[in-house]
Amino acid sequence: MIRLVVHRLRYELIKFWRDPQAVFFTIALPVVFLVIFAAIFGNETLDSRSGLKVSTYYVPGIIALGVMAAAFTGLAIGVVEQRERGILKRLRATPLPPAAFIACRVAVAVLLTGLIAVVLTLIGRVLYGVTIPSDRAPGLLLTLAVGTATFCCLGFALSGVIRTANAAPAVANMITLPLQMISGIFFPVDRIPHAVRTVAELFPVYHLAQGLLAGFDPHGPAGGIDATALAVLATWGVAGALVAARTFRWEPQAR
């Protein structure tokens, strides 16, 4: 079974890297966003009380965007495409257990989010002097792991309710883009109207961004752990897993 899992994981990774669009939107686009925002807003002090720089704020925010691209948008679109092309149905006839396929998809998302986090952190360090306080690194890794797991669960849940492969990108982006706009990824949260921020706090995107920021902010929560953010992310993850268990399908949906 281990050989089957490794073989399938290798296939999924090769398939990803041979798809230029997937590589661009998952890996390259977050880098482009980071460079653009740093060029527009410079490296001025965002908060005079904490001394937080603009670049330090945007690095974890764009990492959050990358997590969503790999673990939510990319996963949901990929699963829907494989289902509607009959690939998932054929996989059920192979010795590969269903749980192993799901584990492979999650492993791909984990590897990609780790790569995105490393690349963006290195760019932030080299170009903008962004550092991660050593005592906050464990909290940052914990938030990244919980956030990735949460959005994987939500990605599987979303794939179960999308009926066609053509609709998958539109539906996924229709959900993610508005939430990213109001959750402090593109704009600092203190510049977002209170009523809008209140709505954003109901969803996991806001808490992923804030939880990752705690790992970069030297004046943030102790250990870089935002307990509220982790609790909300875990709640959404459990809800996503429950929905996915009821809606996930291996066969193409009837039109």
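How many cavities of 30 Å³ or more does a search of the whole structure find? The search finds one. This is a predicted model, where local features need pLDDT of at least 70, side-chain atom pairs count only at pLDDT 80 or more, and totals for chains, interfaces and linings use all residues. Residues are numbered from 1 along each chain as its sequence is written, and side-chain values use heavy atoms, with hydrogens and water left out.

**The cavity**

- Rolling a probe the size of a water molecule over the atoms shows where empty space is left.
- A cavity is a set of points on a 1 Å grid, over the protein atoms alone, where a 1.4 Å probe fits but cannot get out.
- The largest cavity has a volume of about 30 Å³, volume being the space filled by probe spheres set on the points, which are joined across faces, edges and corners.
- Tyr57, Pro60, Gly61, Gly184, Ala209, Gln210 and Leu213 line the largest cavity; a lining residue has an atom within 4 Å of a point.
- H3 and H9 are the elements that give two or more residues to this cavity's lining. Helices here are DSSP runs (H or I, at least four residues), numbered from the N terminus.
- The lining of the largest cavity splits into four nonpolar, three polar and no charged residues. Ala, Val, Leu, Ile, Met, Phe, Trp, Tyr, Cys and Pro count as nonpolar, Asp, Glu, Lys and Arg as charged, and the others, Gly among them, as polar.

**The pocket**

- A pocket is an open set of points with protein on both sides within 12 Å along at least five of seven lines.
- The largest pocket holds about 800 Å³ of space.
- It has 30 lining residues, and the closest to its centre are Ala22, Phe25, Thr26, Gly74 and Ile77.
- Helices H1 (2–17), H2 (20–41), H3 (54–84), H5 (98–128) and H7 (168–182) are the elements that give two or more residues to the lining of the largest pocket.
- H3 gives the most to that lining, with nine residues.
- The pocket lining divides into 16 nonpolar, eight polar and six charged residues.

**H3 and its partners**

- H3 and H9 pack at about 135°, with their axes 8 Å apart. Axes are lines fitted to C-alpha atoms, for helices over the stretch in contact, and angles run from 0 to 180 degrees between N-to-C directions.
- That angle makes H3 oblique to H9: under 35 degrees counts as roughly parallel, over 145 as roughly antiparallel, 65 to 115 as roughly perpendicular and the rest as oblique.
- H3 and H9 have a right-handed crossing. Right-handed means the near helix is turned clockwise from the far one by less than a right angle, and left-handed means anticlockwise.
- The contact of H3 with H9 (contact means heavy atoms within 4.5 Å) counts 13 nonpolar, two polar and no charged residues.
- The axes of H3 and H5 come within 9 Å and cross at roughly 155°, so H3 and H5 are roughly antiparallel to each other.
- H3 and H5 also cross in a right-handed way, and their contact has 15 nonpolar, eight polar and one charged residue.

**H9 against H10**

- H9 (residues 204–216) packs against H10 (residues 227–247) at an angle of about 140°, with their axes 9 Å apart. That makes H9 oblique to H10.
- This time the crossing is left-handed.
- Pro204, His207, Leu208 and Gly211 in H9 meet Thr228, Ala229, Val232, Leu233 and Trp236 in H10.
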